[in-house]
Amino acid sequence: MIRTQRLAAGACALLAALTAGLAFPTAAAAGEPTGENAPKVDLVLDVSGSMRTRDIDGGTRMAAAKQAFNEVLDATPEEVQLGIRTLGADYAGNDKRTGCKDTAQLYPVGPLDRTEAKTAVATLSPTGWTPIGPALLKAADDLGADAGSKRIVLISDGEDTCAPLDPCEVAREIAAKGIGLTIDTLGLVPNTKLRKQLSCIAEATGGTYTSVEHTDELTDKVNQLVDRAADPVVTPVATEGAGACAQAPALKSGLYTDREEFGQQRWYKVDVEPGKELRASVSVAADRAVNPDYGVLLRAVTVHGREIVRGEAAGDGRTDVISTGLRYPKAESDDEEAAAETVCLQVTNSFSAASGVKATPGMPLELTVDVVDGPGTSRDVAAFGLGRGWWLLGVLILTGFLAGVLWGWLSRWRVAVWRTN
């Protein structure tokens, strides 16, 4: 009985101590750089006749698009200037020349009036052709050529019907202008031909392609892309990883972009001086249809091939980007003239292509490299995932233990007094 009371008291005290420890969050400081120009997004929506098809959650494709747009408009960050352009919304005739000019700015790119934008979207009705190429050219003009984040989000359920103006070539022309415009594409039908065309458009500008078959997926993806436009603009430096460490490019701290084919290895080199710490992370984007169950591996190895540390992550097909990272602190040296250590970074992926998907060009890869001052004392290093809070947790555990022992001793003394009396 006494032992049970003692254990229970100790457990309660320890639980209280742990609870109290959680009540003291660690301080954090964060700051995001902001550009002078507001981020801009132009949503380009296919309103062609095929959008009447009822195959998305029991409703039409147009109804799903409208619902998604309304939710996206409600969630659009205040700092984002948003516009809406349509294609195939006005001309229902059979004249191709006229149908391929059928693109209009439904809501101009600028500060968002949610009520006005929703009213404009409500008037849309599936009508005519699918002039994707002309719509992209006009959307690029909508966004202008000034500095800042610019993004086109194209939503379509069918391939372009206005050849020979190839929308993929149009995207390449836009990318060649060097205005920093990204085109992301979303396909509402799991169609091989559509996927191929929309993937090509996205790849040309460093954007992403996603196939969506449900309304909530469409809403989530468009919201994600609009939010991404509000992020600070960082221009990655293009590099080309090698097939072996000996031939790998030497990188400094910064953000780099590359392309990696299915199952390919890419190597990069970073010099780490004594007393410094290497922090590296990598993201690989599935910008085309891939088989589920994939992963990415980032390894830091010596020039002789010995692994130092690794980071890895796995995916199941629910997201189009997978990331991992690692940290390697280089110990201080008593020799003031000690040379820097060359660390080889290896990026490997286990993506596999779905049926009919081309392996080239490789999937977009972003590599972040940062060489900072190494940890000077033990408190700068995370311990058991607790960081600098480990010592506080130790004090609280000890306090709880002593309180449990004291309570048990008092309980035993009271029982002894009671028996005596």
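In this predicted model, C168 has a relative accessible area of 5% and is therefore classed as buried, the cut-off being under 20%. C168 is bonded to C200, and the model holds 3 disulfides by the distance rule applied. Counted along the chain, the bonded cysteines pair in the pattern 1-2, 3-4, 5-6.

**C168 and C200**
- The sulfur atoms of C168 and C200 are 1.6 Å apart.
- The torsion about this S-S bond is -50 degrees, and the link of C168 and C200 is left-handed.
- The bond connects distant parts of the chain, with C168 in helix 6 and C200 in helix 7 (residues 192-205), 32 residues apart.

**C100 and C162**
- C100 is joined to C162 by a disulfide with a sulfur separation of 2.0 Å.
- C100 lies in the loop between helix 3 (96-99) and strand 5 (103-110), whereas C162 lies in the loop between strand 6 (150-156) and helix 6 (167-176); the two are 62 residues apart.
- Because the torsion about the S-S bond of C100 and C162 is about -100 degrees, this disulfide is left-handed.
- C100 is buried at a relative accessible area of 16%, and C162 is buried at 5%.

**C245 and C344**
- A disulfide links C245 and C344, with their sulfur atoms 1.8 Å apart.
- The S-S torsion of C245 and C344 is -50 degrees, and the link is left-handed.
- C245 sits in the loop between strand 9 (237-238) and strand 10 (254-260), and C344 sits in strand 16 (residues 341-349), 99 residues apart.
- Both C245 and C344 are buried.

Notes:
Residues numbered from 1 in each chain as written. Predicted model: local features only at pLDDT ≥ 70, side-chain atom pairs only at ≥ 80, totals over all residues. Heavy atoms only, no water. Disulfide = S-S within 2.5 Å. Helix = DSSP H or I, 4+ residues; strand = E, 2+ residues; numbered from the N terminus. Buried < 20%, exposed > 50% of the residue type's maximum accessible area, 1.4 Å probe, protein only.
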